[in-house]
Amino acid sequence: MASIVSITGTISGVVNEQYFGGFENDEKKLARLSKNKSIGRQGLTITNVATRPPPPSVTTSTPAHHDQLEGLVKAENLPTKLAAWRSIRRERWEGELVIEGEIPMWLKGTYLRNGPGMWHVGDYNFRHLFDGYATLVRLYFEDGRLIAGHRQIESEAYKAARKNNKICYREFSEVPKPDNFLSYVGELANLFSGASLTDNANTGVIMLGDGRVVCLTETIKGSIQINPDTLETIGRFEYSDKWGGLIHSAHPIVTSTDFWTLLPDLIRPGYMVARMAAGTNERKVVGRVDCRGGPAPGWVHSFPVTDHYVIVPEMPLRYCAQNLLKAEPTPLYKFEWHPESKAFMHVMCKASGKIVASVEIPLYVTFHFINAYEEKDEDGRVRAVIADCCEHNADTTILDKLRLQNLRSFAGQDVLPDARVGRFRIPLDGTPHGTLEAALDPDEHGRGMDMCSINPAYLGKQYRYAYACGAQRPCNFPNTLTKIDLVKKKAKNWCDPGAIPSEPFFVARPGATEEDDGVVISMISDKNGEGYALMLDGSTFEEIARAKFPYGLPYGLHGCWVPKD
Ligand SMILES: CC1=C(/C=C/C(C)=C/C=C/C(C)=C/C=C/C=C(C)/C=C/C=O)C(C)(C)CCC1
Ligand SMILES: [Fe+2]
């Protein structure tokens with residue numbers, strides 16, 4: 001049953017009292033612990049940071065004070081109050097936020113952010129950031145006002161965990177514990193058919209050209225359509241074609257007309273490049289790339305495109321079918337590092353499916369490509385493709401740093417591995433090698449670099465600006481927002497000491513002619529355990545507005561923009 005949050009001031013909200021069903025949520029845990037351990041319980045009182053209108057205070061009937069929840073993450077001694085690495089407090093909430101500053105009147109629409117926001121089932125705590133059940137957050141902007149909300153995605157994996165109070169599907173690093181030998185044998189069979197893989201769509205959210213909104217992860221079955229207004233789960237997005245397979249890139253390239261994706265082939269190492277036209281559910285394979293090295297395709301969390309080409313990266317961090325079968329996490333989870341297999345970049349013509357270049361390049365590690373474009377000579381002939389990514393200096397240790405225990409235990413040491421904007425140059429003249437260099441001095445952004453966005457009008461085209469998370473050291477996770485000028489090779493950085501911002505997402509001003517004319521949206525977990533939505537001017541990178549949430553939200557990965565009408 002829904003209950004109305006009692007309100008003072010202009011923040012209002014509705015909470016769903018069903019909370020996590022079969023899960024023991026923080027509220028229930030608190031009640032239990034307060035019986036057992038005499039922990040007191042008090043209502044949440046937030047003093048809003050707003051200066052205009054005057055600061056209201058907000059009370060809710062249900063939540064407990066954040067400090068009291070610290071002991072609830074089992075077996076962790078948390079030196080940090082950050083909400084970023086803790087499970088979301090409630091299954092859903094919605095309310096209007098008080099704005100400090102001014103939101104431009106042209107900003108009309110919905111910013112959605114997806115991410116793994118629920119990292120426990122019952123008393124069991126998950127191990128890795130990427131394991132958590134998907135939490136969607138919504139910021140709806142209109143007439144300078146901001147309505148916010150969050151809600152869990154009702155995947156089969158989430159519903160089964162809630163019902164049975166245990167993990168029932170294979171997540172990124174978590175595997176269901178079989179009850180007995182027979183169920184173990186059944187589990188193996190399910191694994192081969194893909195039935196035991198998760199559909200927990202916790203990585204990205206996209207708006208298709210026809211307006212449908214879909215949440216995604218790397219399993220194909222984890223493509224789930226949601227309602228962007230209510231955050232309600234509509235159901236699985238079913239691909240109507242025959243391509244099957246178990247995994248795909250978590251970041252398709254989406255435009256008003258197309259959806260491009262990569263389907264790795266684990267049996268005959270390679271990738272299918274597929275296109276789905278807006279308004280359909282049918283992927284059509286445009287071409288295939290055979291791997292040039294290694295026992296399996298390289299991990300393709302994302303890939304870039306130019307106006308005419310799809311770039312297929314072949315990274316030496318490769319999928320590993322054996323690791324997919326294992327019950328306990330291996331050092332690189334479902335992947336393996338194969339430096340001897342070398343690294344390659346393939347360029348496929350979008351129109352013909354023909355491979356126009358396939359070059360060896362220096363070893364690299366990336367999750368996220370930023371953009372790519374065609375480099376032309378004086379006569380307008382394309383002589384190379386330039387592709388930029390957030391590159392982790394060919395070092396796979398970043399995966400381990402994203403274990404929750406590491407994220408939760410920051411005590412001032414500088415443990416975030418260095419990263420940079422890696423720029424590939426892939427010649428199209430038959431030269432067998434491409435190059436990889438830093439696009440700017442990594443010290444400009446504190447040698448942290450991930451979670452990037454660009455002005456979508458520059459997708460596949462020569463561009464100048466990228467927005468991303470950088471670092472102010474010492475840190476254990478990217479903790480700044482950075483605007484990268486790839487022409488001047490300079491960065492502007494925003495930082496709230498002790499806070500963790502999520503992916504800065506650029507929304508262009510309608511009618512803008514300058515590439516950086518727009519607003520950058522991010523959500524911040526602050527050092528006090530609270531959080532706020534932040535709006536920066538895309539050009540000056542100065543803060544224009546912020547709006548405090550009623551409680552700190554977990555870290556989220558990727559967002560999208562759904563314009564009004
Ligand atoms: C869910 C299953 C799988 C894989 C899921 C994966 C690989 C999800 C990956 C999410 C990523 C790479 C997010 C990246 C975030 C990067 C950050 C925050 C970087 C910060 C650095 O500075 C499979 C393994 C495919 C199959 C089982 C189920
Ligand atoms: Fe991603």
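Visitor: How do the residues of the shell around ligand 1 divide into nonpolar, polar and charged?

Guide: Keep in mind that this is a predicted model. There are 22 residues around ligand 1. Sorted by class, the shell splits into 12 nonpolar, 5 polar and 5 charged.

Visitor: Which residues are closest to ligand 1?

Guide: Two elements, strand 25 and strand 29, each give two or more residues to the shell around the ligand. As for the closest of the 22 residues, they are Phe130, Trp299, His301, Lys334 and Pro478.

Visitor: How much of the accessible area of ligand 1 does the protein cover?

Guide: Start with ligand 1 on its own, which has 700 Å² of accessible area.

Visitor: How much space lies in the largest cavity?

Guide: The elements that give two or more residues to its lining are strand 25 (366–376) and strand 29 (450–453). The space inside the largest cavity is about 620 Å³.

Visitor: Which residues lie nearest the centre of the largest cavity?

Guide: Its lining has 23 nonpolar, 11 polar and 5 charged residues. That lining is made of 39 residues, and those nearest the centre are Phe130, Phe172, Glu218, Trp299 and His301.

Visitor: Now for the pockets. Which strand gives the largest share of the lining of the largest pocket?

Guide: This pocket holds about 1300 Å³ of space. Strands 12 (204–207), 16 (253–254), 25, 29, 34 (505–508) and 38 (558–563) each supply at least two residues to the lining. The largest share is 5 residues, and it comes from strand 38.

Visitor: Which residues lie nearest the centre of the largest pocket?

Guide: The lining has 30 nonpolar, 12 polar and 3 charged residues. Of the 45 residues that line the pocket, the ones nearest its centre are Val254, Ile454, Pro456, Phe505 and Gly559.

Visitor: What is the volume of the second largest pocket, and which residues are closest to its centre?

Guide: The second largest pocket has a volume of about 470 Å³. It is lined by 18 residues, and closest to its centre are Gly245, Leu246, Pro264, Leu266 and Ile267.

Visitor: Which elements give two or more residues to the lining of the second largest pocket?

Guide: By class, this lining has 15 nonpolar residues, 2 polar and 1 charged. The elements that give two or more of its residues are helix 3 (181–193), strand 17 and helix 4 (321–325).

Visitor: Is Leu266 buried or exposed, or does it count as partly exposed?

Guide: Leu266 sits in the loop between strand 17 (258–265) and strand 18 (270–277). Its C-alpha atom is 7.4 Å from that of Ala321, a residue 55 positions away along the chain. Because its relative accessibility is 27%, Leu266 counts as partly exposed.

Visitor: Why is Gly529 called buried?

Guide: Gly529 is in the loop between strand 35 (518–525) and strand 36 (531–537). Buried means under 20% relative accessible area. Gly529 is buried because its value is 2%.

Visitor: Which residues are joined by a cis peptide bond?

Guide: In general, most peptide bonds are trans. Here, one with omega of about 5° is cis, and its second residue, Pro474, lies in the loop between strand 30 (465–470) and strand 31 (480–485). The pair joined is Arg473 and Pro474.

Visitor: What is the phi of Lys342?

Guide: Lys342 lies in the loop between strand 22 (335–337) and strand 23 (343–349). With a relative accessible area of 39%, Lys342 is partly exposed. Most residues other than glycine have a negative phi. Lys342 is not a glycine, yet its phi is positive, at about 70°.

Visitor: And what is the phi of Lys489?

Guide: Lys489 is in the loop between strand 31 and strand 32 (490–495). Lys489 counts as partly exposed because its relative accessibility is 41%. Though not a glycine, Lys489 has a positive phi of about 60°.

How values were computed. Residues are numbered from 1 along each chain as its sequence is written. Chains are lettered from A and ligands numbered from 1 in the order in which they are written. This is a predicted model: local features need pLDDT of at least 70, side-chain atom pairs count only at pLDDT 80 or more; totals for chains, interfaces and linings use all residues. Side-chain values use heavy atoms; hydrogens and water are left out. On a 1 Å grid over the protein atoms alone, a cavity is a set of points where a 1.4 Å probe fits but cannot get out, and a pocket is an open set with protein on both sides within 12 Å along at least five of seven lines; lining residues have an atom within 4 Å of a point. Grid points are joined across faces, edges and corners, and a volume is the space filled by probe spheres set on the points. Helices (H or I, at least four residues) and strands (E, at least two) are DSSP runs, numbered from the N terminus. Ala, Val, Leu, Ile, Met, Phe, Trp, Tyr, Cys and Pro count as nonpolar, Asp, Glu, Lys and Arg as charged, and the others, Gly among them, as polar. A residue is near a molecule or strand if one of its heavy atoms lies within 4 Å of it. Accessible areas come from the Shrake-Rupley method with a 1.4 Å probe; for residues, only the protein chains shown count as cover. Buried means under 20% relative accessible area, exposed over 50%, partly exposed in between (1.4 Å probe, protein chains only).
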